[in-house]
Amino acid sequence: MSRKAVVAGLSFSAALGFLCASGQPPPAAGTAQQRDARMKWWREARFGMFVHWGLYSGLAGTWEGKPAGARGGMEWIQQRVKADTETYAKRAIPLFRPAPGFAREWARLAKQAGCRYVVVTSKHHEGFALHDSKAGDYDAGSVLRRDLLKEIVEALRAEGLRVGFYHSVIDWHHDQYEYARSQQLPHPMKGRPYPEGRRDHAKYVEYLHAQVNELVSHYGPVDILWWDYSSQDFQGQEAWRAFDLMAKVRARQPRIVMNNRLFRIPEAGFTGMGTAAIAPRLDPRYGDFITPEQHIPETGMPGVDWETCMTMNTTWGYSEHDHQWKSEETLIRNLIDIASKGGNYLLNIGPKGDGSVPPESVRAMQAIGAWMKVNGESIYATGACPLGKLEWGRCTGKRLAGGGTRLYLHVFDWPQDGRLALPVAAGSRAKARLMAGGKPLAVTSSGGRTSIAVGGQAPDRIASVVELDLDNPLQR
Ligand code: JFZ
């Protein structure tokens with residue numbers, strides 16, 4: 001590692017004078033009220049765009065002329081083909097050619113879809129950083145003479161979008177990363193001796209901290225840091241000096257929101273390895289939200305902030321072989337289902353090596369945007385449905401100024417008889433209307449049940465929204 005990088009890293013730590021030498025978790029960052037204030041925009045946002053983009057994007061799931069796999073994460077291609085970092089870089093770098101203005105296409109698409117924030121991979125497991133880093137030489141500045149992350153951040157801000165960085169603590173390039181320390185974390189060289197004979201993981205961690213310092217110091221306000229990922233046998237303070245890292249980040253970006261993936265312990269919401277091994281438990285010392293991956297928890301995650309991240313096909317990074325695209329109906333209903341359980345949806349695009357977005361992803365995001373243009377009020381700043389399971393669809397809700405409740409009823413299966421049944425008593429002053437067009441609807445209520453005359457024709461084939469204003473505050 002360069003001397004300047006070591007100096008940069010150490011001075012950053014020293015400047016903050018914060019080292020968690022004991023390894024004990026530090027006190028939570030701020031009070032519950034301060035945390036609620038920090039999380040307010042994130043909880044109201046409900047919908048974000050994930051972008052997986054790196055050297056793997058130019059390889060497009062192909063290695064030595066053959067598909068590296070028909071499904072699954074092609075951002076892991078270096079791991080799939082077990083390539084050392086020199087071989088991998090030699091093949092991948094020539095294929096990574098970002099076109100001018102690529103980032104503006106991403107930002108416009110996210111805005112058009114109704115996303116409120118975008119999380120982009122500043123560095124994925126391959127170790128290649130998208131920013132112009134002074135801590136090393138495996139980055140866009142050193143290799144392409146461009147600060148791609150700066151281009152992305154500027155484009156996002158021009159569209160009024162919040163900015164998030166996904167940052168991998170796993171690193172398949174760095175020559176001091178001790179991959180033998182974990183049996184559970186992936187590394188293309190695992191099982192082979194270190195090519196240099198020995199490694200000093202502390203030097204990698206200094207590099208990690210120095211690059212994160214660059215990300216939170218030189219790119220303006222950063223709204224989200226999306227860490228990825230740890231294992232039960234290598235995590236937290238031992239693996240990454242996680243508490244020091246989070247404290248340094250918060251010192252530079254006091255309003256930032258961070259996920260829980262620097263850790264892999266029950267207090268951070270993990271019950272084991274695997275993307276489904278999570279539980280609704282999160283001590284704020286370990287992060288601000290839990291990250292169900294590729295699935296929607298059946299009953300949401302009551303009591304904690306959570307965000308489902310999901311691909312549109314089966315891979316995060318672009319693959320020219322993956323055509324298993326989810327339908328627009330599935331994507332829109334996922335968004336509704338997640339919001340009805342009180343969560344956020346982080347939906348992924350995997351741009352190609354030139355930065356262009358696959359047309360299937362463009363069409364899907366535009367379809368979501370068309371639905372959100374009419375019905376977005378039923379998603380943004382809403383809370384989980386207080387009615388329990390509904391046969392015909394989902395619901396979200398928000399409190400009304402006068403103390404009542406507004407329910408947004410998302411009807412997937414339009415009632416044949418034109419009457420929508422609800423397991424709740426609506427007060428005498430209950431009012432209902434179609435969200436699309438505002439047509440008033442008759443409401444009748446008896447014996448703790450309510451019926452709304454919605455008529456014979458569903459306004460939207462995927463999900464039609466009926467607004468129902470109730471006199472009373474409904475609790476979940
Ligand atoms: C991780 C990355 O490996 C993946 O490439 C993508 O970026 C996703 C959003 O995050 O996926 C994981 C995370 C955890 C496990 C497996 C894949 N795990 O716990 O086994």
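**Close-up views of a predicted model**

View 1. A polar side-chain atom of Trp-76 lies 2.9 Å from an oxygen atom of the ligand. Such a polar contact is a pair of N or O atoms within 3.5 Å. The model is predicted: local features need pLDDT of at least 70, side-chain atom pairs count only at pLDDT 80 or more, and totals for chains, interfaces and linings use all residues. Residues are numbered from 1 along each chain as its sequence is written, and side-chain values use heavy atoms, without hydrogens and water. For His-52, a polar side-chain atom is 2.7 Å from a ligand oxygen atom. For His-125, the distance from a polar side-chain atom to a ligand oxygen atom is 2.8 Å. The protein covers 89% of the 450 Å² of accessible area that the ligand has on its own (Shrake-Rupley method, 1.4 Å probe).

**View 2. Residues around the ligand.** The ligand is surrounded by 16 residues (a heavy atom within 4 Å). The closest are His-52, Glu-75, His-124, His-125 and Arg-264.

**View 3. Gln-78 in helix 4.** Gln-78 sits in helix 4, residues 77–80 (helices are DSSP runs of H or I, at least four residues; strands are runs of E, at least two; both are numbered from the N terminus). Gln-78 counts as buried because its relative accessibility is 1% (buried: under 20% relative accessible area, 1.4 Å probe, protein chains only). Leaving aside neighbours within four places in sequence, its contacts include Tyr-88, Glu-126 and Trp-172 (heavy atoms within 4.5 Å).

**View 4. The end of helix 6.** Gly-114 follows helix 6. The phi of Gly-114 is positive, near 95°.

Technical notes
Buried < 20%, exposed > 50% of the residue type's maximum accessible area, 1.4 Å probe, protein only. Polar contact = N/O pair within 3.5 Å; in protein donor to acceptor, adjacent residues only side chain to side chain.
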